[in-house]
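Colleague: I would like to learn how to read a fold of this kind step by step. Could we begin with the sheet and then work towards the core?

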Amino acid sequence: VLTDILAVNPDFRLVLVGHTCDLGSKEINVRVGQKRADAVKHLLVKGGISEAKMKTITKAYDEPLVPNTSGVNRVKNRRVELKFVKEGK
């Protein structure tokens, strides 16, 4: 499905944003968030999406989906978001 969307919209690319919970230092979470996004990128490349159409970044624990007030919520914050952006933006 992602390959179809990118094929129909050649001026779009995919930004993979790695997120973490608030456990651990900022330095460690920056690395974990980046590794998380890079791992998803690797899987998408294996699935046929051009590496040139993707970019990975990390937000670490700066943009939680839910408050980091419980173990359940911390799990929800450990994620990768996929965003479509128009090239040049």
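Modeller: In this predicted model, three strands form an open sheet in the order S2-S1-S3, and their pairing is mixed. Strand S2 (54-60) and strand S3 (80-86) stand at the edges with a single partner strand each, so one side of each has no neighbour in the sheet. On average, neighbouring strands are turned by 25° against each other, direction ignored.

Colleague: Which strands run parallel, and which pair in the antiparallel sense?

Modeller: Pairing is read from the bridges, taken strand by strand. S1 and S2 run parallel and are joined by six bridges, with Leu14 standing opposite Met54 in S2. S1 and S3, by contrast, pair in the antiparallel sense over seven bridges, where Val15 has Lys83 of S3 as its bridge partner.

Colleague: How does the chain cross from S1 to S2, and where does H2 lie?

Modeller: The path goes from S1 through H2 to S2, a β-α-β crossover that is right-handed. H2 lies across S1, S2 and S3, and runs at about 155° to S2.

Colleague: How many residues of S1 are buried, and which residues make up the largest nonpolar core?

Modeller: Burial is judged here by relative accessible area under 20%, and S1 is mostly covered, with six of its eight residues buried. The largest nonpolar core has seven residues, namely Leu6, Leu14, Leu16, Ala37, Leu44, Ile49 and Met54; strand S1 (12-19) and helix H2 (26-46) are the elements that give two or more residues to this core. Leaving aside residues up to four places away in sequence, Leu6 touches Phe12, Arg13, Ile49, Lys53 and Phe84.

Conventions. Residues numbered from 1 in each chain as written. Predicted model: local features only at pLDDT ≥ 70, side-chain atom pairs only at ≥ 80, totals over all residues. Heavy atoms only, no water. Core = buried A, V, L, I, M, F, W, Y, C linked by side-chain atoms within 4.5 Å. Buried < 20%, exposed > 50% of the residue type's maximum accessible area, 1.4 Å probe, protein only. Helix = DSSP H or I, 4+ residues; strand = E, 2+ residues; numbered from the N terminus. Contact = heavy atoms within 4.5 Å. Pairing = 2+ DSSP bridges. Axes fitted to C-alpha atoms, helices over the stretch in contact; angles between N-to-C directions. Right-handed = clockwise from strand over helix to strand, strands pointing away.
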